[in-house]
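I had some time with this one today and wanted to jot down what I looked up. Rough notes, in the order I went.

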Amino acid sequence: MADSNHGDVELIGTWPSPFSMRPRIALNIKSVEYEFLQEQEQLCSKSELLLQSNPVHKKVPVLVHNGKPICESNIIVEYIDEVWPSGPSILPADAHNRAVARFWAAYVDEKKNRAADQLKEVVVRMEGAHVEVSRGKDFFGGDRIGFVDIAFGSMLGWLRAVQVILGGVKLLDEEKTPGLVKWAEKFSADPAVKDVLPETGKLIEFSKLLIAAIRAAAAED
């Protein structure tokens, strides 16, 4: 249950967005009750609430806590970890380990828009990071989901969808990334994740609609 002393919590986002998924997982880890305010999924449709809450970037997600907006997914996750310290910690307590976690989270965001062949390299790199950071535990965060798990795991639904869309391209591979294959299973099944991780089929259908909308917009120009 949410701590009543921390007031109202709203999250502006969209269900297909991996970035919107990050604060949802963090809030679930902390057992914080919140209202998920879904934006329309059309490319150019943005609510007045979103534009007022994030006038600089005009994009989701935005956490609105007691009427005050916080923007950018990883910043929101860190904010949640600080404001609700009574729940399981998301960032490591050790300063060096915190810096390492932030490095890998930034790496994920830096590489997120790569082509499929380059994504393979990214996933292999994350396999090595998992070995290094997890120290033999299930998650990047150790025994439980942490900052890097949230940053990379939020992309998992789309990684699976890309594998199908591109006709069987394997990004998570039993031979090349055995640790990540096991990690992905455990991450997807975690109570904080399983109800917010988009289904692969729904993401594939959404991508088709998105491509059609982009083509239609291009034809009008």
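Entry 1: I'm working with a predicted model, so I kept to local features with pLDDT of at least 70. I started from the UniProt record, an unreviewed entry, which puts "domain: GST C-terminal" at residues 74-211. I checked the span itself: residues 74-211 are 62% helix and 0% strand, and the end C-alpha atoms lie 27 Å apart.

**Entry 2: α1 against α3.** Next I took helix α1 (residues 18-29) and helix α3 (residues 73-83), whose axes come within 8 Å and cross at roughly 5 degrees. Angles under 35 degrees count as roughly parallel, so I put α1 down as roughly parallel to α3. On the α1 side I listed F19, R22, P23, A26 and L27 as the contact residues, and on the α3 side S73, N74, I76, V77 and I80. I sorted this contact by class and got 7 nonpolar, 2 polar and 1 charged residues.

**Entry 3: D109.** I then went to D109, which sits in helix α4 (residues 95-110). What does the side chain of D109 make a polar contact with? I found the side chain of N74, at 3.2 Å. Leaving out residues up to four places away in sequence, D109 touches F19, R22, N74 and M155.

**Entry 4: α5 against α8.** For contrast I looked up helix α5 (residues 116-134) and helix α8 (residues 178-189), with axes that come within 8 Å and cross at roughly 80 degrees. The range 65 to 115 counts as roughly perpendicular, and α5 and α8 are therefore roughly perpendicular to each other. From α5 I noted V123, M126, E127 and H130, and from α8 P178, G179, L180 and W183. The split by class is 5 nonpolar, 2 polar and 1 charged.

Entry 5: Most residues other than glycine have a negative phi, and most peptide bonds are trans. I went looking for exceptions.

- The peptide bond from V60 to P61 is cis, with omega near 0 degrees. I place P61 in the loop between α2 (48-53) and β3 (62-65).
- K58 is in the loop between α2 and β3, and its phi is positive at about 55 degrees although K58 is not a glycine. With 36% relative accessibility, I count K58 as partly exposed.
- S31 also isn't a glycine, and its phi is positive, near 55 degrees. I found S31 in the loop between α1 and β2 (35-38), partly exposed at 38% relative accessibility.
- G167, which follows α7, has a positive phi near 75 degrees.

**Entry 6: burial.** While at α7 (residues 156-165), I noted its buried residues: L156, G157, L159, A161 and Q163.

Is L63 buried or exposed? I get a relative accessible area of 0%, so L63 is buried. L63 is in strand β3, and among the residues that L63 touches I noted V9, L11, L27, I70, I76, Y79 and I80.

Methods: Residues are numbered from 1 along each chain as its sequence is written. Side-chain values use heavy atoms; hydrogens and water are left out. UniProt positions are given in the numbering used here, feature names are shortened, and annotations may be inferred rather than shown by experiment. Helices (H or I, at least four residues) and strands (E, at least two) are DSSP runs, numbered from the N terminus. Axes are lines fitted to C-alpha atoms, for helices over the stretch in contact, and angles run from 0 to 180 degrees between N-to-C directions. Angles under 35 degrees count as roughly parallel, over 145 as roughly antiparallel, 65 to 115 as roughly perpendicular and the rest as oblique. Contact means heavy atoms within 4.5 Å. Ala, Val, Leu, Ile, Met, Phe, Trp, Tyr, Cys and Pro count as nonpolar, Asp, Glu, Lys and Arg as charged, and the others, Gly among them, as polar. Buried means under 20% relative accessible area, exposed over 50%, partly exposed in between (1.4 Å probe, protein chains only). A polar contact is a pair of N or O atoms within 3.5 Å; within protein, one must be able to donate a hydrogen and the other to accept it, and residues adjacent in sequence count only if both atoms are side-chain atoms.
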